[in-house]
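Visitor: I am new to this structure and would like to learn how to read its features one at a time. Could we begin with the charged side chains?

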Amino acid sequence: MDWLEAVILGIIQGMTEFLPVSSTGHLLLGRHFFRLDEAGLFLDSMLHIGTLIAVVTIYWNEIKELIKKPFSRLSMLLVAGTIPTVIIGVSFKDYFEEISKTGVTVGWEFLATGCVLWFADTMKSRGHKQLEDITIMDAVLIGSFQGAAILPAVSRSGLTIAAALFRKIDRGTAAYFSFLLSIPAIAGGCLFQVKDVLGGQAEQLSFFSLFLGTAMSALFGYLAVKWMISLVKKGSLKGFAIYVWLLGISIIGMQAAGVF
């Protein structure tokens, strides 16, 4: 893999991690296009570190407050939301990794993501709950949706924002809580990739390529979070739904034709 491929994949990861279109699904397509296998899988974890840097940078003040007050109400909500994600991730990790390698259900997963986004968009005007109104049950449901996003082409941000809107949470608060909840999820996913480093897969990639890819992921992830917060507050999710529908149909067509 050369540096240009790493840059392109870094941009894809940064843009799609926080937009409701599935970063993992897009990286899978990118690896397929560039004909990357195991090296691409290791690169995924490095690119996720880039997006982790982006969201930590944006929410650094909130993170400092959580560290100072580890038993605050927000801390408890984040823990409640993270627990179902961890349970789902650990329980079905091997199964979902196998699906990710084959890509056989990717098209259908994009279609499902589009359906969730479209329906959630119709609910967004009903949201009234602020951060102080979010309950433990709200957080558990949102975390369960996040856990379902372990499927390669199911969007984590899309499902968590959708779940928050389903629970009648205000649009701005839905985006805020979704992105905060992504921090332990992304960090945990990166830890699961430690075995790839120990297995020597990092040696298949140059340090320069890894650095560029991670830097692009961080930069475009930062921009995507900023834009997405504004869009969820004032815009529509239906454009993203149409995009992933078209992408899903295209993938299913390519699979039927034997070219994917």
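Predicted model: local features only at pLDDT ≥ 70, side-chain atom pairs only at ≥ 80, totals over all residues.

Visitor: What do Glu65 and Lys68 form, and how far apart are the closest N and O atoms?

Guide: Side chains of opposite charge can pair when their charged atoms come close. Glu65 and Lys68 form a salt bridge, with their closest N and O atoms 3.9 Å apart; the term requires a side-chain nitrogen of Lys or Arg within 4 Å of a carboxyl oxygen of Asp or Glu.

Visitor: Is Lys68 buried or exposed?

Guide: Buried means under 20% relative accessible area, exposed means over 50%, and partly exposed lies in between, using a 1.4 Å probe and protein chains only. Lys68 is exposed because its relative accessible area is 61%, whereas Glu65, at 39%, is partly exposed.

Visitor: How many salt bridges does the structure hold?

Guide: There are four salt bridges. One of them joins the side chains of Arg156 and Glu17 at 3.8 Å, N to O, and this pair links distant parts of the chain, with Arg156 in helix α8 (residues 156–166) and Glu17 in helix α1 (residues 3–18), 139 residues apart. Arg156 and Glu17 are both buried.

Visitor: Which side chain meets Lys129 in a salt bridge?

Guide: Asp138 meets Lys129 at 3.0 Å, N to O, and both residues are buried. Salt bridges with shared partners join Lys129, Asp138 and Arg167 into one network.

Visitor: How many residues has the largest nonpolar core?

Guide: A nonpolar core is a set of buried Ala, Val, Leu, Ile, Met, Phe, Trp, Tyr and Cys residues joined through side-chain atoms within 4.5 Å. The largest one has 50 residues, and those with the most contacts inside it include Phe110, Phe177 and Phe179. Its largest share, nine residues, comes from helix α9 (residues 171–192).

Key
Residues numbered from 1 in each chain as written. Heavy atoms only, no water. Helix = DSSP H or I, 4+ residues; strand = E, 2+ residues; numbered from the N terminus.
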